[in-house]
Amino acid sequence: MLESLQITNFFRGNSLVIAINSAAGLSIFFFGYDQGVMSGVNISPDYKDTMGLWDNEALLGGIVAVYYAGTLIGALMGGYVGDRIGRIKCVVVGCIIALFGAALQTAARNVPWMICSRIITGIGTGHLNAIVPVWSAETSHHTSRGMFIAMEFTLNIFGVVIAYWIAFGLNTYEGSFRWRFPIGFQMVPLLVLCLLINIFPESPRWLVKKGRTEEALHILGALRGNGNVGHPDVIREYEEIKETLLLEEKQGGEPNYWDMLFKYDEFNIPRRVHLSIWLQIIQELTGIGVITVYAPESFSNAGFSERTSQLLSGCNNISYMLSTLIAVFTLDKWGRRFTLFYGAVCQGISLILVAILTKPDIMEKNPTGFGIGGALFIFCYTAFFGMTWLTVPWLYPVEIYPLRVRARGGAWSVVGWSIGNAVVMEITPPMLKGIGWATFILFGALNFLAIPVVWAMYPETMNKTLEELDVIFSTRSLLVWNAEKELRDKGIDPDDPLAHLERVEKTEVAESSSDPSASNEKLTKKDNADNLA
């Protein structure tokens, strides 16, 4: 029955890619909702009474932060599972775990119960975060990967918006319904995704890797050839995938997580792992957690009443969501590096101005004027983050890994995100309470420190196929300019990294035409390689 309902029976080409990324967006929506829901839960009097959290800011932040320990564990599990059983089944597993955790959270009666259920939900979220961006990247065309990931993260912030306004609408309610309903609501998108994902196509790259060639060609035909498996674009992409897999097989199989982190091979996977982890940590250190989770407190520091602060925070989330649409149109035109550069500059300036305008001895001179100014630059910060740093740290990792470890590479990315989030969520409440306005100075400065790191360490990935990026990131050199020189020394053009393979093929053809016996030998070798693939 599921065969007749498969989405490939109804959609082709870009329509199919949009459908796939819409399903991926449902997972990212849950991710955003789950991130935003605790901002409303944390201010519920009944929640604090039930958990005994009055005057215990460290434990309040710790319950938020422990979720990220779960996402770290879940990402490592999901990366392994995704490479073993496929992208689609891994999504189902992640949904089931997250549903179980969400149900436990909804029923929580004490702190240990809440902590355990937060960890379980985090494990499910880690599964999804590790595999869904990989599935999206492996099915999207290389010229539009950025656009589709950006579209998914519009839904991510839509999840934050929904979580916030549900909490806002319930803030006059007494009792446990005020915080239990928002937590329980996250089960709705999870249940829909768990059922719906089964009619979507598996990643053709994973299918080729597993030797399921016919299925892979069928899906590639639907994605690139409007249903025609003989379309030149389908054949070209299929051959690139096979060629890359043959090169990867020479490395002796799939490395474990430890080897990915430390063991150098021809593809230099450790370089990619460290780039992924640190880009996510840097993303969190740019200060977004201070604004999204603790937004009402941030507006209160700007001099607004509790009610006005809550309204402004909700409107800020809407502005944040709309700003992500800018990335849909710019990521594949301006590139990943420039996007991070201008984002860091604008975010840093915005946070420093928030700090200056909310400093108490300045605020008292004109509370209304400086309060409005502080609020304006909080809006500016989240808008610039939505246009830039929100999307790139999730897009970049799924572009740079070899096929044999791409899901586990996505898992390492989530590990970095989990570490960064846990640190920021744990330190923010005491920082806001202890140093107040200076918190924004610190995070503003970290934005500017991110610029030279990106400039020196992160090559551009825009408009390159996943197979071309395998070559770009295979260098021993860590610095961008040294890596490019290393490629050129090998006769590889960094702007067209697969061109050298085409030259080799032409040379072999020329040699074969002048030596018939060599031609037969090469054909035999090629047939054997095809059979292995």
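Me: Which relative accessible area makes a residue count as buried?

Reply: Buried means under 20% relative accessible area, and exposed means over 50%. This is a predicted model. In the protein chain, 58% of the 533 residues count as buried.

Me: What does the surface look like, and where do the charges sit?

Reply: The accessible surface comes to about 20,900 Å². Carbon and sulfur atoms account for 65% of that area. The chain carries 41 positive and 50 negative charges, and their mean positions are 2 Å apart.

Me: How do I read a nonpolar core?

Reply: Start with the general idea. In soluble globular proteins, nonpolar side chains tend to be buried together. Now the case here. The largest nonpolar core has 132 residues, and Y47, F200, W389 and W412 touch the most other members. Helix α2, residues 13-41, supplies the largest share of this core, with 13 residues.

Me: Which residues is W389 in contact with?

Reply: Leave aside neighbours within four places in sequence. The contacts of W389 then include L279, I282, T286, L340, F384, A450 and V454. Q283 and Q347 are also among them.

Me: How should I think about the faces of a helix?

Reply: An α-helix has 3.6 residues a turn, so residues three or four places apart point the same way. Then check the cover on each helix. Helix α21, residues 392-400, has nine of its nine residues buried. Among them are P393, W394, P397 and E399.

Me: Is P189 buried or exposed?

Reply: Buried, with a relative accessible area of 6%. P189 is found in helix α9, residues 187-196. Not counting residues up to four places away in sequence, P189 touches L26, F29 and F30. Sequence separation can also be set beside distance. P189 and I282 are 93 residues apart along the chain, and their C-alpha atoms are separated by 29 Å.

Me: Now the loops. Is S44 buried or exposed?

Reply: S44 counts as buried, at 1% relative accessibility. The residue lies in the loop between α2 and α3. Leaving aside neighbours within four places in sequence, S44 is in contact with R178 and W179.

Me: Which backbone angles deserve a look?

Reply: Look for positive phi in residues other than glycine. D55 has phi near 60°. D55 is found in the loop between α3 and α4. Its relative accessibility is 81%, so D55 counts as exposed. N226 has phi near 55°, also a positive value in a residue other than glycine. N226 sits in the loop between α11 and α12. At 60% relative accessibility, N226 counts as exposed.

How values were computed: Residues numbered from 1 in each chain as written. Predicted model: local features only at pLDDT ≥ 70, side-chain atom pairs only at ≥ 80, totals over all residues. Heavy atoms only, no water. Buried < 20%, exposed > 50% of the residue type's maximum accessible area, 1.4 Å probe, protein only. Areas by Shrake-Rupley, 256 points an atom, 1.4 Å probe, with all protein chains shown as cover. Lys, Arg positive; Asp, Glu negative; His and termini not counted. Charge placed at Lys NZ, Arg CZ, Asp CG, Glu CD. Core = buried A, V, L, I, M, F, W, Y, C linked by side-chain atoms within 4.5 Å. Helix = DSSP H or I, 4+ residues; strand = E, 2+ residues; numbered from the N terminus. Contact = heavy atoms within 4.5 Å.
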